[in-house]
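The sequence and the model are shown first.

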Amino acid sequence: MKRYAWGLVALVLLAGCSGGTKVERVDPGETIDLSGRWNDTDSRLVSEEMIADCMSRPWKMNHVEAKGKRPIMIVGQVRNKTTEHIAVETFIGDIERAFINSGEAEMVASAEEREQIRGERSDQQQYSSEETMKQWGKEHGADYMLGGLISSIEDREGGESVVLYQVDLNLINLETNAKVWQGQKKIKKYISRSGHSY
């Protein structure tokens, strides 16, 4: 009887482990919504749409006519005002990519990146040959800074909820502090979880 009991326990344990984890590789561009929360697709689509809108507005033509060259951009702070964790750095990276890929703007490095680059440039002054050493005082200063926030409103009842994400971005002239563009994008998601409570 004891042997039978142990055999039964082993069988139950094996059955519990046999489910295992299944991993499947998918196209990074494919839209997959599991939780209904902000995800990589939202980040990419919002950044591409908002930067396309930004670059189509009169401020850009005014800049090119006045300066005779493409605007130089930097992305500042984008704050997460939602109740969930959002990888803001990924969203900023998507914004920078959209600016660069538009071909209509030049991006400069962030404050953190500049610090690292300046450290490398400082090392070059001591360790690199004069022909390859990069000079100080040649950095491009940004003309405009983009910043803003991501906020959300959630309405929930039982196993259903509606989440509205709102992204507000501002483009500011760094010399005059004038806001030259304001953009807003909303994403609304309906989430239904049958048989699950919150």
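## Largest pocket

The lining of the largest pocket comprises, by class, three nonpolar, three polar and four charged residues. The model under discussion is a predicted one. The volume of this largest pocket is about 210 Å³. Its lining is formed by Val75, Gly76, Glu89, Ile92, Gly93, Glu96, Ser110, Ala111, Glu112 and Glu113. Strand E1 (72-80), helix H4 (88-102) and helix H5 (111-127) are the elements that each give two or more residues to this lining. H4 supplies the largest share, four residues.

## Second largest pocket

The second largest pocket holds about 170 Å³ of space. Its lining consists of Glu106, Met107, Val108, Ala109, Arg114, Ile117, Arg118, Arg121, Glu139, His140, Gly141 and Ala142.

The largest share of the lining, four residues, comes from H5. By class, the lining of the second largest pocket divides into five nonpolar, two polar and five charged residues.

In soluble globular proteins, nonpolar side chains tend to be buried together. In this model, the largest nonpolar core has 30 residues, of which Trp38 and Phe99 touch the most other members. The elements that give two or more residues to this core are helix H2 (40-55), E1, H4, E3, strand E4 (160-173) and strand E5 (179-192). The largest share of the core, six residues, is contributed by H4.

Apart from neighbours within four places in sequence, tryptophan 38 is in contact with Ser43, Val46, Glu84, Ile86, Phe91, Ile150, Tyr165, Val167, Ile187 and Lys189.

## Isoleucine 150

Isoleucine 150, one of the contacts of tryptophan 38, belongs to strand E3 (residues 144-157). Isoleucine 150 counts as buried because its relative accessibility is 0%, and the cut-off for buried is under 20%.

When residues up to four places away in sequence are not counted, isoleucine 150 touches Trp38, Val78, Arg79, Asn80, Lys81, Thr82, Ile86, Phe91, Gln166 and Val167. Of these contacts, arginine 79 is 71 residues away along the chain, yet the C-alpha atoms of arginine 79 and isoleucine 150 are separated by 6.2 Å.

## Helix H3

Which residues of helix H3 (residues 58-67) are buried? They are Trp59, Lys60 and His63. Viewed down the axis of H3, these buried residues fall within an arc of 100°, and therefore line one face of the helix. An α-helix has 3.6 residues a turn, so residues three or four places apart point the same way.

The cover over the buried residues of H3 includes H2, E1, E3, E4 and E5. Pro58 and Glu65, on the other side of H3, are exposed.

## Asparagine 177

Most residues other than glycine have a negative phi. Asparagine 177, by contrast, has a phi near 65°, a positive value in a residue other than glycine. This residue lies in the loop between E4 and E5. Is asparagine 177 buried or exposed? Asparagine 177 is exposed because its relative accessible area is 61%, and the cut-off for exposed is over 50%.

Technical notes: Residues are numbered from 1 along each chain as its sequence is written. This is a predicted model: local features need pLDDT of at least 70, side-chain atom pairs count only at pLDDT 80 or more; totals for chains, interfaces and linings use all residues. Side-chain values use heavy atoms; hydrogens and water are left out. Buried means under 20% relative accessible area, exposed over 50%, partly exposed in between (1.4 Å probe, protein chains only). Contact means heavy atoms within 4.5 Å. On a 1 Å grid over the protein atoms alone, a cavity is a set of points where a 1.4 Å probe fits but cannot get out, and a pocket is an open set with protein on both sides within 12 Å along at least five of seven lines; lining residues have an atom within 4 Å of a point. Grid points are joined across faces, edges and corners, and a volume is the space filled by probe spheres set on the points. Ala, Val, Leu, Ile, Met, Phe, Trp, Tyr, Cys and Pro count as nonpolar, Asp, Glu, Lys and Arg as charged, and the others, Gly among them, as polar. A nonpolar core is a set of buried Ala, Val, Leu, Ile, Met, Phe, Trp, Tyr and Cys residues joined through side-chain atoms within 4.5 Å. The arc is that of the directions from the helix axis to the C-beta atoms.
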